[in-house]
Amino acid sequence: SYGLTVIPTIGWAGPDTWSFAFNNIAKGGTIAISTMNVQDTNEGFKNFIRGLHEMIKTLDPWLIIVYGPMIKCNFEGVNHIHFHTTSYINNKKGGNF
């Protein structure tokens, strides 16, 4: 009502969190996700990928904004843009945060 666009950031853990995580998010819109720490464990990565596919199926987003390290995954034809974190960029340049 104040003329601001809010982009929901969606996060999930395992399948038991999907209904909560994807609830009340407008279908067909722009959403944001973080890939921070999703590759820390094999099980965590699998849960992220499964949840990503379920989120795409449920919300049918027009655009996914990905924040954090880019991971190899299938966005199922959904438009997506990627932003690295500041710490990632600084580490690549050899600097500190």
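Q: Which residues does Thr 35 touch, leaving out those up to four places away in sequence?
A: In this predicted model, Thr 35 touches Phe 48, Val 66, Tyr 67, Gly 68, Pro 69 and Ile 71.

Q: Where is Thr 35, then?
A: Thr 35 sits in the loop between β1 and α2.

Q: Buried or exposed?
A: Thr 35 has a relative accessible area of 3%, so with the cut-off for buried at under 20%, Thr 35 is buried.

Q: On to α2. How many residues does α2 have, and what does it span?
A: Helix α2 covers residues 42-59, which is 18 residues. From first C-alpha to last, α2 reaches 25 Å, close to the 26 Å expected.

Q: Which of its residues are buried?
A: In α2 the buried ones are Asn 47, Phe 48, Ile 49, Gly 51, Leu 52, Met 55, Ile 56 and Leu 59.

Q: And what covers them?
A: The cover over the buried residues of α2 includes α1 (18-21), β1 (30-34) and β2 (63-67).

Q: Why does Ile 10 count as buried?
A: Because its relative accessibility is 4%, and buried means under 20%.

Q: What does Ile 10 touch, skipping residues up to four places away in sequence?
A: Ile 10 touches Ala 21, Phe 22, Ile 25, Ile 31, Ala 32, Ile 33, Met 55 and Leu 59.

Q: What separates the C-alpha atoms of Ile 10 and Phe 22?
A: The separation is 7.3 Å, with Ile 10 and Phe 22 twelve residues apart along the chain.

Conventions:
Residues numbered from 1 in each chain as written. Predicted model: local features only at pLDDT ≥ 70, side-chain atom pairs only at ≥ 80, totals over all residues. Heavy atoms only, no water. Helix = DSSP H or I, 4+ residues; strand = E, 2+ residues; numbered from the N terminus. Expected span 1.5 Å × (residues − 1). Buried < 20%, exposed > 50% of the residue type's maximum accessible area, 1.4 Å probe, protein only. Contact = heavy atoms within 4.5 Å.
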